[in-house]
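Hello,

Here is the structure I promised to pass on. Please have a look, and read on below for what turned up.

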Amino acid sequence: MIRVLRKACRACTAAKRRCIVQLPQCSRCRTRQIDCVYDLEPLVGSTSRPSNTLTGTVAGDDGDPRDNSKFLRYVSSLHMDPKRVALECYQSPTTQCPVIWKIPISADFLTVEYVARELLDMANSVALSQSAAYIHPQRKPRPRPALVGPDFEVTNRKTVGSDITQCTRICDLLCALYESREPLSEILQAFQILLGHVMRLLLSSPQSIPRHKEKLLGHTRRLAIRLVKEAPSMMPTNLSRWEAWILAESVRRAILMSCLIQGVYHGRARGYCYHELFIQALPFDVRPGMWAARSEREWEALLDGSNNKHGFGSHDATDLVAFHEFASSFARAPFDPGADTFQRLLLMAHHGKAPVDRVLGVC
């Protein structure tokens, strides 16, 4: 049987836009300065099993390998089951390694626009030296942390020239933070401030200067990865249990926030975003009220009284929940994150705004 191949690139297919095929980039991807990939995926099947564009199999619940088309549909549903992982099997059935690390997912524009507005409100709050969903109330940001510099200023006037200048300036500061040997608390404080400015630059006008904004995202991601790797060894030893928890949880939320910002920006600018599988393993503390505790005594009382409300079992001050556990627990037994905007936005990013609103009874 003759097999017709898809003649649109992955980005245009995901965005449902006409693709003017050119190499190495189609005209739309070249204009937007984004990755352009042609999968040559068959549009018409045949009686024989088609070869997959991605190498590897999927281990299902019953242990039988599944083909990659099922895996792509599975990941695209955003219901991440820890028992299903992308694996490639070698000659020995016990020798396996991950082969798929990111999957393009079409944007839910209602969710993307809502989360973008929430992030912009958050950025404006940070600019006014107020707390945000990823900044603990006990650690309100200073407008100009020492590692950012006394001359740092971001204007409210939006022009292409000023956007490029600000992107360049923030990229330089993110690079300096990546190389900094200062204490973790100082690096985190500066990173939190810069995340607010990153949100304003990326989401105020997502279609402008894409090359500079992609570079900005790259530097943000690079610093977040450094924190993933090095923050545990950088934790001070002279903090109380509450202070140590605040610092560590603030780092974890900043890392997850950087991932959320990237997904929302790409959803608006491209019409799709890449779901990176490592994100489902990123940890944070989901226990209700812990983040909003106003004193160490209140925090200790919540810690002692923590229960199995969200179905995660018992935890002490150091036990955390991976993102996929948090999201899948909501699907199994919905719970209300209450005033914790951070948890609510993560649920919406995972399940979509409409499903979460429906479950929580929001009109």
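**Aromatic rings and a helix contact**

At 6% relative accessibility, F335 counts as buried. Please keep in mind that this is a predicted model.

Searching the whole structure gives six aromatic pairs. One of them joins F335 to F330 in an edge-to-face arrangement, with 5.5 Å centre to centre and 90 degrees between the planes. F330 is buried as well, because its relative accessibility is 3% and the cut-off for buried is under 20%. Both rings belong to one aromatic cluster, which is formed by F284, F326, F330, F335 and F342.

F342 also turns up in a helix contact. Helix α8 (residues 241–270) packs against helix α11 (residues 341–351) at an angle of about 35 degrees, and their axes are 11 Å apart. From the α8 side, R253, L256, M257 and L260 make the contact, while α11 brings F342, Q343, L345, L346 and A349. By type, the contact residues are seven nonpolar, one polar and one charged. As for handedness, α8 and α11 cross in a left-handed way.

Elsewhere on your list of things to view, K353 lies over the face of Y114, at 4.7 Å from the ring centre.

Terms used:
Residues numbered from 1 in each chain as written. Predicted model: local features only at pLDDT ≥ 70, side-chain atom pairs only at ≥ 80, totals over all residues. Heavy atoms only, no water. Phe/Tyr/Trp six-rings, centres within 6.5 Å; stacked < 30°, edge-to-face > 60°. Buried < 20%, exposed > 50% of the residue type's maximum accessible area, 1.4 Å probe, protein only. Lys NZ or Arg CZ within 6 Å of the ring centre and 35° of its normal. Axes fitted to C-alpha atoms, helices over the stretch in contact; angles between N-to-C directions. Helix = DSSP H or I, 4+ residues; strand = E, 2+ residues; numbered from the N terminus. Left-handed = near helix turned anticlockwise from the far one by under 90°. Contact = heavy atoms within 4.5 Å. Nonpolar A, V, L, I, M, F, W, Y, C, P; charged D, E, K, R; others polar.
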